[in-house]
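Hi,

Here is the structure you were waiting for. My notes follow below it.

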Amino acid sequence: MNHDLDIKKLRNHCYRQSKVPGEFMLQMRAPGGVIEARYLSLVQHIADTWGNGLFHLGMRQTLSIPGIKYEDIPAVNRYIKQYIQEIEVDLCGVDMEVTEEGYPAIGARNIMACIGNIHCIKANINTTALARKLERVIYPSPYHIKISVAGCPNDCAKGHFNDFGIIGLAKTEYDYDRCIGCKKCIEACAKHATGVLSMENGKIVKDTCCCVGCGECALVCPTGAWTRNPTKFYRVLIGGRTGKQTPRMGKLFLNWVTEEVVLRVIKNWEDFSAEVLEHKPVYLHGGHLIDRAGYNRFKEMILKGVQLNPEAMVAQRILWTETEYRSNFNVRPVNGVRAEG
Amino acid sequence: MSTNILLPRPHRILAINQETEHEYTFRVESGAAAKHGQFYQLSLPKIGEAPISVSAMGDGWLEFTIRKVGKLTSEVFRLRPGDRLFMRGPYGKPFPIDDFKHGDLVVIAGGTGVAPVRSTLRYFYEHPEEIKEVYFLAGFRDEGSILFRADLERFKARFHTIYTLDRDRVDGFETGLVTRHLGRIPFSTLTRYHVIIVGPPVMMHHTALKCLEYGVPEEKIWVSFERRMSCAVGKCGHCKINETYVCLEGPVFNYTKAKELWD
Amino acid sequence: MGYSLSYGRMNEILKELQQNYRVYAPRRWAGRGRYSDTDLIRYGEIAAVEEVVHDEKSDFSPKEIIFPITQPLFYFTEDEYRESRVDDQGLLIFARPCDINGIRRLDTMFLKNGDSEDSYYRRLRDKARFVLMECGTGWDTCFCVSMGSNRTSDYSLAVRFLPDHLLVEVRDEAFKRYFSQEREVEFTPEFVTSNPRTVRLPEIDSSGLLRKVYDLEMWKEYNSRCQSCGACTAACITCSCFTTSDLIYNENARVGERRRVWASCLHEDFTAMAGGLGFRATPGERLRFRTLHKVYDYKARFKEEQMCVGCGRCDDRCPEFISFATIINRLSDEVERLKKEASQEVAGQ
């Protein structure tokens, strides 16, 4: 076989190098992790025709097909052209030219999401719809960004371990006269969430400070005294990552922001990355970029031109808590070179 | 417009007597013709209304014994003689006192269950000519929960009394549950008689079964139920058991009925 | 007498009616349903007849109009309890046959149980008039036909919603004048005559059998399924229980409000007393209590009819998918089994 393969170029077209020389795994995007089931026959065709018959449910919800031989890649790319057109352009409205070269970029990773309120009783938002809107904002950027969208603060989508974790919130509203003081919401809030509800004079009072926006009160309320404000709100976590050196959980950046704010913030990511990376799109977790720029510079750039809604809360500082497998990670030599000795 | 059956009316407090650490008896001015075993809805400030049995009655007054419990203690315990207490009533079916007259009467009461039977006992204490023998078996949890000490003492003179404490050993009191002392009541020698059993549900249940074992016919047994109530007039639903509303058909039931009230 | 009129004309008549009546109908609260991006359909005052949600079943019944969820009874000071007031406006309520029949059960509870009337219920009930809404074919959880509550003649107006116009029957003379300009047509409302769901009612004819019903194993199954949330009782047109409590505006001055709110026999504290004593400690026992109230006790007490009207809202609202219709049928099967066993015992003796 040909032993002269440009691994990096192939990688940018979403083919991942295999330990078997000359073989690759194609990672097809499925923004938000939801596509029509009929596309599975397409996956099967690729796996059976050009792959090794296996299919991996990708860790970032890609449709991953291993065992594709280097020489078959042009055929595969021709075959997936229609899928890319239908998913990226037609479904998500991504502004891109679909060619026979396969995926144009890998920087912006597939957007993950839990099933959200197209199915889940706990979800506060349609995660699929938001993932598709975000895909349009981030793709096809060469700059690395990992986003996960969770339907509720339970964060099954693991937004806490992504550059951006976007969590759907319910701003529940209380109808004093409809409340019968049964305390079911108090019990539910204490059990599932932060216990911000209490009883006063036979009715409910809420400590709005620490409400996480899960919507459990609305779910359990027998009379419809608690209902969701139909406007969707979001929490945005930043800087979460896994990794060998310094995995860490993302931290709260924005709370109670609208979808418009979320989309505008994500749109600013590319400019921020470009500045921090001096316009060289290399693979670094978003958290490292924020570390490099410093939180204040990050905040300034990422909120540039963003009109925050009145309910919005913005983190004044971030207290990272890293697991430092590689110690002294934040300490750097004065002149860039570690002294001998 | 129908009259407002939920409207409470003010009554002057004549005296307050602390019975135990937690229980206080309020004597209020009232000319109402309450019957033995009936109850009133008392407005307890900060809490709302609660059904409280008439624990004694006299010329122009009624007594209610109220327990100071729960995390929310009513402001009623701050009231002093001369202040006013809002209440409405009387409610419920009373003990059939007329049927008791000129026969023997056995009264078995446990804890706060003494309150609803106290007025009946006081009546026959005052009118010994209207009753033959009265057997009064009263049980309390411990020394600290003994209610109506003065009456208990007084009753000894005219009634056959057995007073018992579940645990504590105290002079003048037996030890053990009331069921332990039931055998001392000479049921087999009684002919025309009635038995009143009032206390916690478990106590009433076991005492009644034991009485049946001693050959007491069901229709001679009377019990009084305590249930949660918001209205006392058959609307709120809290006290319902089967198709029976304790506030309307009770709180006093003949055992033939009570045995079929299952919760 | 029937009339055919446009939505525009009906809205003009609505305006006239609103000089004397508050007009209530099932309305849509977009996005306010239990789950996100679902709607809540409940009663509210309407400004136009197009707001009436006539092609879906409402999540909550119209009982909250005459038996408010929270109702002030008295305002009190240290010296007096002053009764809360209501205004003189009438209440015109768009309602389905099951709900109108259900309100008759509420009448029984509030006006006939015991020897006195509940004046708070009476003062709103007397003002209420109904606009009957047709049900078309009904909904999958309805079992009104089994309960005999699919029909009613207790209405002032009846309406059929057609795509571009309405048919209205005026049954109550007092409403004739509003329609004097309208085109007369033959119209009387149609009632549902069969439901997809049929319910067989248990025939419990002795206290011995009732005791056995209490002890049935089937109730225990609900200990794990029922969450005791009370959504069924809140949705029920016939649930009438309430709890009274006092709200103190100023602790020192003892000035405040006595009010009542709906109560649910499914809630753990329904029977709880100050001393800590309570009854029916398990969800299964509480569900048994509710079941027997709806399909046994009420009829045993008042004779005429069962309490349940088969509106099926309890099934619609139960977050755990416990079907009350299924419970009734299971109970009937168990009762039949118990009767058969009893007769075999007799025969075997």
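Domain 1 of chain B and domain 2 of chain B bury about 1,700 Å² between them, with 56% of it on carbon and sulfur atoms. Buried area here is the accessible area (1.4 Å probe) that two parts lose on being put together, summed over both. On the domain 1 side, E19(B), H36(B) and F39(B) lose the most area to domain 2, together 30% of what that side buries.

This is a predicted model: local features need pLDDT of at least 70, side-chain atom pairs need 80 or more, and totals for chains, interfaces and linings use all residues. Residues are numbered from 1 along each chain as written, chains are lettered from A and ligands numbered from 1 in the order written, and side-chain values use heavy atoms, without hydrogens and water.

The domains of chain B are 9-91 (domain 1) and 97-258 (domain 2). Those bounds come from an automatic or database domain assignment. The C-alpha centres of the two domains lie 21 Å apart. Domain 1 puts 23 residues into the contact and domain 2 puts in 24 (heavy atoms within 4.5 Å).

One salt bridge is counted between the domains (a side-chain nitrogen of Lys or Arg within 4 Å of a carboxyl oxygen of Asp or Glu). E63(B) and R118(B) also meet through their side chains in a salt bridge, at 2.9 Å, N to O.

Best wishes
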